[in-house]
Amino acid sequence: MKEVHVAVGVILKDGNVFVCLRPQQVHQGGKWEFPGGKVDAGETVEEALTRELAEEIGITVEASQPFMVIQHDYGDKRVRLDIHTVTGFVGEPYGREGQRSRWCPVKELLESDFPEANRAIIQHLQNAL
Ligand SMILES: Nc1nc2c([nH]c(=O)n2[C@H]2C[C@H](O)[C@@H](COP(=O)(O)OP(=O)(O)OP(=O)(O)O)O2)c(=O)[nH]1
Ligand SMILES: [Mg+2]
């Protein structure tokens, strides 16, 4: 099974992270996510992240840093999550595609239902901040 390369943004502001609720009908639907999406052929991770965050939550990324890379096999899909923290952006994020979204305190992230692969990201975040 081929691996999908995904750019994922951990958008940080005052100890909170911006999270979106994945639509029911997509893979890992009904779970929370850090916004992002597939890296198209010929795109860098930064380009994909900037594009996906503009499309999905209406912000312009101004400062991002590589945070970690996670490979996960969901059984029905293999993903390679290329996670960057986003510490500078223009605009107020919102669910531009009609998805629910909210700012969540970093320390409360594990109280929400995220895809399995996100557990390691959250633990790394909670240790790092
Ligand atoms: N965006 C995002 N995807 C995640 C996270 N954790 C995780 O396992 N994934 C998986 C779910 C999907 O199988 C895969 C790609 O995410 P995606 O469905 O958002 O890709 P996409 O935005 O390009 O797809 P689409 O919305 O355009 O249909 O990565 C996460 O925190 N954020
Ligand atoms: Mg997406």
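**Values against rules**

Me: Which residues is Glu33 in contact with, leaving aside its neighbours within four places in sequence?

Reply: Glu33 is in contact with Val19, Cys20, Arg22, Glu56 and Phe114. Contact here means heavy atoms within 4.5 Å. Please keep in mind that this is a predicted model, where local features need pLDDT of at least 70 and side-chain atom pairs count only at pLDDT 80 or more, while totals for chains, interfaces and linings use all residues. Residues are numbered from 1 along each chain as its sequence is written, chains are lettered from A and ligands numbered from 1 in the order in which they are written, and side-chain values use heavy atoms, with hydrogens and water left out.

Me: What makes Glu33 count as buried?

Reply: Its relative accessibility is 11%. Buried means under 20% relative accessible area, exposed means over 50%, and partly exposed lies in between (1.4 Å probe, protein chains only). As for its place, Glu33 lies in strand E3, residues 32-33; strands (E, at least two residues) and helices (H or I, at least four) are DSSP runs, numbered from the N terminus.

Me: Why is the pair of Arg22 and Glu33 called a salt bridge?

Reply: The rule asks for a side-chain nitrogen of Lys or Arg within 4 Å of a carboxyl oxygen of Asp or Glu. Arg22 and Glu33 meet at 2.4 Å, N to O, so the pair qualifies. Side chains of opposite charge can pair when their charged atoms come close. The two side chains are also joined by a polar contact of 2.4 Å. That term covers a pair of N or O atoms within 3.5 Å; within protein, one must be able to donate a hydrogen and the other to accept it, and residues adjacent in sequence count only if both atoms are side-chain atoms.

Me: How many salt bridges are there in total?

Reply: The count comes to eight. One of them joins Lys31 and Asp113 at 4.0 Å, N to O. Lys31 sits in the loop between E2 and E3, and Asp113 in the loop between strand E7 (101-105) and helix H2 (118-128), so this pair ties together parts that are 82 residues apart in sequence. Lys31 has 23% relative accessibility and is partly exposed; Asp113, with 43%, is partly exposed too. Another salt bridge joins Glu52 and Arg51, with the closest N and O atoms 3.2 Å apart. Salt bridges that share partners join Asp40, Glu43, Arg51, Glu52 and Glu55 into one network.

Me: How do you know that Glu52 is buried while Arg51 is partly exposed?

Reply: Glu52 has 10% relative accessibility and counts as buried. Arg51 has a relative accessible area of 23% and counts as partly exposed.

Me: Which residues lie nearest the centre of the largest pocket?

Reply: Arg22, His27, Glu33, Gly36 and Gly37, out of 28 lining residues.

Me: What makes it a pocket instead of a cavity?

Reply: On a 1 Å grid over the protein atoms alone, a cavity is a set of points where a 1.4 Å probe fits but cannot get out, whereas a pocket is an open set with protein on both sides within 12 Å along at least five of seven lines; lining residues have an atom within 4 Å of a point. The pocket holds about 590 Å³ of space.

Me: How do you know that Thr85 and Gln65 make a polar contact?

Reply: Their side chains come to 2.8 Å. Thr85, found in strand E6, is buried at 9% relative accessibility.

Me: And which label does Met1 get, buried or exposed?

Reply: Met1 is exposed, with a relative accessible area of 58%.

Notes: Grid points are joined across faces, edges and corners, and a volume is the space filled by probe spheres set on the points.
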